[in-house]
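Please look at the model below before reading on. The report is meant to be read with the structure in view.

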Amino acid sequence: MEWGGDSAHPWVAERRDQVTFGLQTFARPDDPQPAERVLAAGRLADTLGLDAFYIGDHPAHATEVWLHLAVLAATTERVRLGSVVNCVLYRHPVMTARLAADLDHLSGGRTLLGLGIGWDVPEFGELGMPYPPTPERQAALEEALDIIAGVWGDEPFSYSGRHYQVTNARITPAPSEAPRPPLMIAGAGERVTLRQVARYADACNFGPSPQIGGVRTADDVRRKYAVLERHCREAGRPYSNILRTHFTPWLMIAETEAKAQAKLARYYPNGLTEDQRYSRIVGTPEQVAAYYQSMAEAGVQH
């Protein structure tokens with residue numbers, strides 16, 4: 001089984017000529033019923049016809065992503081399920097491959113595998129893990145992609161890398177979706193990450209906050225897509241095979257601007273930092289629609 005290739009993944013091909021929306025949610029740390037809140041949001045996304053529902057991967061201080069996605073796989077019908085994105089270092093790639101394959105079967109082929117190199121330094125410490133430099137985390141992601149594709153193959157797979165070792169592993173049953181679940185790689189680094197997207201991924205993902213690329217404006221988005229298109233040409237892969245996705249970390253919407261600002265004040269009584277001003281989208285439906293229209297005009301598809 002391989003990543004990339006000359007043919008677009010069916011999930012990408014179906015979305016090339018439209019704009020779709022997914023929802024990623026977290027329960028507040030002080031929520032007395034965090035699991036119920038996250039699961040209710042997933043079921044609502046399915047009922048409302050959103051394209052996808054995602055849960056953030058922060059196991060040290062949020063609901064565990066794979067466990068809750070499994071529940072949603074059994075209690076939703078159509079929405080695609082995943083995380084934007086799983087930290088590749090939190091789990092051995094064979095375990096990630098197993099979790100994604102099992103979720104794909106539970107959901108009837110509705111899994112999206114999102115992967116990134118991680119950024120939450122305190123969480124690494126809470127999990128008792130070292131926080132390697134960026135180049136090492138990028139190399140670990142590339143090794144993990146080789147391993148996941150390998151253990152989803154037809155034969156036992158072995159691998160000896162700098163970060164991971166595998167001996168005669170094979171995930172059975174392999175994922176149910178053909179040819180496999182779509183792969184999303186997060187990040188906006190122009191020299192390494194976007195080159196990895198061009199070689200392996202079915203979807204790119206970045207956004208305005210520093211943790212997810214610092215891509216703040218529509219012009220920034222266009223520039224990143226131009227870099228990705230260049231990497232696709234160098235890799236000999238059609239640029240149209242990559243679904244262009246954008247992540248807004250926080251969306252606060254209300255019937256009036258006053259109500260939207262009141263919602264913002266509840267979460268940020270001391271106001272927003274410079275970075276947060278770009279990554280907290282706040283307003284009425286009309287104001288929010290204008291923001292997403294600008295992203296779509298810059299080339300965002302999901």
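What follows describes helix packing, a few individual residues and some backbone details.

This is a predicted model, in which local features need pLDDT of at least 70 and side-chain atom pairs count only at pLDDT 80 or more, whereas totals for chains, interfaces and linings use all residues. Residues are numbered from 1 along each chain as its sequence is written, and side-chain values use heavy atoms, with hydrogens and water left out.

**Helix packing**

Helices (H or I, at least four residues) and strands (E, at least two) are DSSP runs, numbered from the N terminus. An axis is a line fitted to C-alpha atoms, for helices over the stretch in contact, and angles between N-to-C directions run from 0 to 180 degrees. Angles under 35 degrees count as roughly parallel, over 145 as roughly antiparallel, 65 to 115 as roughly perpendicular and the rest as oblique.

| Helix pair | Axes come within | Crossing angle |
|---|---|---|
| H2 (residues 34–48) and H3 (residues 65–75) | 10 Å | roughly 40° |
| H3 and H4 (residues 93–106) | 9 Å | roughly 15° |

With axes crossing at roughly 40°, H2 is oblique to H3, and the crossing of this pair is right-handed. A crossing is right-handed if the near helix is turned clockwise from the far one by less than a right angle, and left-handed if anticlockwise. On the H2 side the contact (heavy atoms within 4.5 Å) is made by Ala35, Leu39, Gly42 and Arg43, and on the H3 side by His68, Val71, Leu72 and Thr75. These residues divide into four nonpolar, three polar and one charged, where Ala, Val, Leu, Ile, Met, Phe, Trp, Tyr, Cys and Pro count as nonpolar, Asp, Glu, Lys and Arg as charged, and the others, Gly among them, as polar.

The axes of H3 and H4 cross at roughly 15°, so H3 is roughly parallel to H4, and their crossing is left-handed. Here Trp66, Leu69, Ala70 and Ala73 of H3 meet Leu99, Ala100, Leu103 and Leu106 of H4, a contact with eight nonpolar, no polar and no charged residues.

**Individual residues**

A residue is called buried under 20% relative accessible area, exposed over 50% and partly exposed in between (1.4 Å probe, protein chains only). Arg43, which lies in helix H2, is partly exposed at 33%. Leaving out residues up to four places away in sequence, Arg43 touches Leu72, Thr75 and Thr76.

Lys224 belongs to helix H8 (residues 218–235) and is buried, with a relative accessible area of 10%. Its side chain makes a polar contact with the side chain of Glu190 at 3.1 Å; such a contact is a pair of N or O atoms within 3.5 Å, and within protein one must be able to donate a hydrogen and the other to accept it, while residues adjacent in sequence count only if both atoms are side-chain atoms.

Gln24, in strand E1 (residues 22–25), is also buried, at 16%, and its side chain reaches the backbone nitrogen of Val84 at 2.9 Å.

**Backbone details**

Most residues other than glycine have a negative phi, and most peptide bonds are trans. Val84 and Val85 are joined by a cis peptide bond with omega about -5°, and the bond from Thr172 to Pro173 is cis too, with omega near -5°. Asn168, in strand E7, has a positive phi near 50° and is exposed, with a relative accessible area of 56%.
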